[in-house]
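Thanks for coming. Let's get the structure on the screen and walk through it.

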Amino acid sequence: MSLSRTPFVVVTALTVGLVLHPGPARSADVTQSGAQVVPNERVTESVALRDVTVDGGVVSGVVTNTSGKALHDVQLLIRYDWLWRNEFRPGEDNPSRSVYYTLPGDIPPGGQTKFTYHADPPLPERSDGHFNTSVEVVGFVEG
């Protein structure tokens, strides 16, 4: 085989492998120690996030369990996206970051819990842009 055909062969092999391999099941629940880990598409059906406020690096809100089962290890994804004042000429030091925050304790069916997360380390104070902060529930364990 010549070296010029090597990339074609590698790409073909990868493509065939991706077509033949079905990938992970997306809707199946995973059970571990009697508790169920819920797939992503069911997160928004079971947990509601409301009254979210942002003050600098401090994010607060309320998480409500809208499912019929107790929830624990509720995980939030908090994104601090940096928006440059001049997006056409962004700087070199982008302070954006994302944090996974797991709520302490259980949330009973129909119950709710308040949360407050303080950015650690604190967000820098800068004049060349600002942070756009967002929060979403990305996972939890039922049971």
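In which strand is threonine 133 found? Threonine 133 is in strand β9. Strands here are DSSP runs of E, at least two residues long, numbered from the N terminus.

Some ground rules. This is a predicted model, where local features need pLDDT of at least 70 and side-chain atom pairs count only at pLDDT 80 or more, while totals for chains, interfaces and linings use all residues. Residues are numbered from 1 along each chain as its sequence is written, and side-chain values use heavy atoms, with hydrogens and water left out.

Back to threonine 133. Buried or exposed? Threonine 133 is buried, at 18% relative accessible area. Buried means under 20%, exposed over 50%, partly exposed in between, with a 1.4 Å probe and protein chains only. Setting aside neighbours within four places in sequence, threonine 133 contacts Val54, Val59, Ile78, Arg79 and Tyr80. Contact means heavy atoms within 4.5 Å.

Now the rings. How many aromatic pairs does the structure hold? There are 4. Rings of Phe, Tyr and Trp (its six-membered ring) pair with centres within 6.5 Å; planes under 30 degrees apart are stacked, over 60 edge-to-face, the rest tilted. Take tryptophan 82 and tryptophan 84: edge-to-face, 6.0 Å centre to centre, with 85° between the planes. Both of these tryptophans are buried.

Why is the pair of tryptophan 82 and phenylalanine 131 edge-to-face? Because their planes sit at 70°, with the ring centres 4.7 Å apart. This pair links distant parts of the chain: tryptophan 82 is in β5 (residues 71-84), phenylalanine 131 is in β9 (residues 129-142), and they are 49 residues apart. Both are buried. Ring pairs join Tyr80, Trp82, Trp84 and Phe131 into a cluster.

Two arginines come in here. Arginine 126 puts its charged end over the ring of tryptophan 82, 4.9 Å from the centre. Arginine 97 lies over the face of tyrosine 80, 6.0 Å from the ring centre. The cut-off: NZ of Lys or CZ of Arg within 6 Å of the ring centre and within 35 degrees of the ring normal.

Technical notes
Helices (H or I, at least four residues) and strands (E, at least two) are DSSP runs, numbered from the N terminus.
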